[in-house]
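This report describes one protein chain, residue by residue where that helps and as a whole elsewhere. Please look over the sequence and the model before reading on.

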Amino acid sequence: MADTMISAFESSLDKTNLILKDIEAAYGWPKDRRNQSYAALRTVLHLLRDRLPVNESVEFAQQLPVLVRGIYFDGWNPSDVPIKLNRDDFLYEVRQGFPYDVDGGAERVTQVVLDTLRRHVTQGEWQDVKDTMPKDLAMFLP
């Protein structure tokens, strides 16, 4: 049993590192900028989570590695969602939550993280996420 738990944890850690490496690769960041890739992931995940209805948020989270799911749900208050955010509001909140100055600003950070997440969930689930977004924000999702 303990070996299974360690294996599951290691698998989740590997999958989480793959997501962070995908973000870093999109920017050309070295691994020593892992805090930036984590901050980008966390910021966009929280905004996406808070924009989704509770049921869709939970369904989406089920597709994430356990470690990323923990990041996703950290600080979540389901009674406060969904928060109505259009594309401009979403980008404003990314700028507030991501404290680094990077090429392309909040729009590029958001696009990189969303592109990365899209590759790590099923097409059907990603389409469900897009279907719950207002049109101007849904057009932003890959």
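## Thr 116 and its contacts

Leaving aside residues up to four places away in sequence, Thr 116 touches Ile 19, Asp 22 and Ile 23, where contact means heavy atoms within 4.5 Å. Thr 116 sits in helix 6, residues 105-119. Helices (H or I, at least four residues) and strands (E, at least two) are DSSP runs, numbered from the N terminus. With a relative accessible area of 1%, Thr 116 is buried; buried means under 20% relative accessible area, exposed over 50%, and partly exposed in between, with a 1.4 Å probe and protein chains only.

## Basis of the values

This is a predicted model, in which local features need pLDDT of at least 70 and side-chain atom pairs count only at pLDDT 80 or more, while totals for chains, interfaces and linings use all residues. Residues are numbered from 1 along each chain as its sequence is written, and side-chain values use heavy atoms, with hydrogens and water left out.

## Overall fold

The protein chain has eight helices and zero strands. Its C-alpha atoms fill a box of roughly 45 × 35 × 25 Å along the principal axes. A compact globule of 142 residues would have a radius of gyration near 14 Å, and the 15 Å of the protein chain agrees with this. The radius is taken over C-alpha atoms, and the globule rule is 2.2 Å times the number of residues to the power 0.38.

Of the 142 residues, 42% count as buried. Among contacts with a separation of 6 or more, 69% join residues 24 or more positions apart.

## Surface

The accessible surface of the protein chain is about 7600 Å², with 51% belonging to carbon and sulfur atoms. Areas come from the Shrake-Rupley method with a 1.4 Å probe; for residues, only the protein chains shown count as cover.

Phe 9, Leu 13 and Leu 67 make a nonpolar surface patch of about 260 Å². Phe 9 lies in helix 1, residues 2-27, and is exposed at a relative accessible area of 52%.

## Helix 4

In helix 4, residues 66-73, the buried residues are Val 68, Ile 71 and Tyr 72. Seen down the helix axis, the buried residues of helix 4 fall within an arc of 100°, so they line one face; the arc is that of the directions from the axis to the C-beta atoms. Just after helix 4, Gly 75 takes a positive phi of about 80°.

Methods:
Patch = residues over 30% accessible without salt bridge, like charges linked within 9 Å, V, L, I, M, F, W, Y side chains within 5 Å. Salt bridge = Lys/Arg side-chain N within 4 Å of Asp/Glu carboxyl O.
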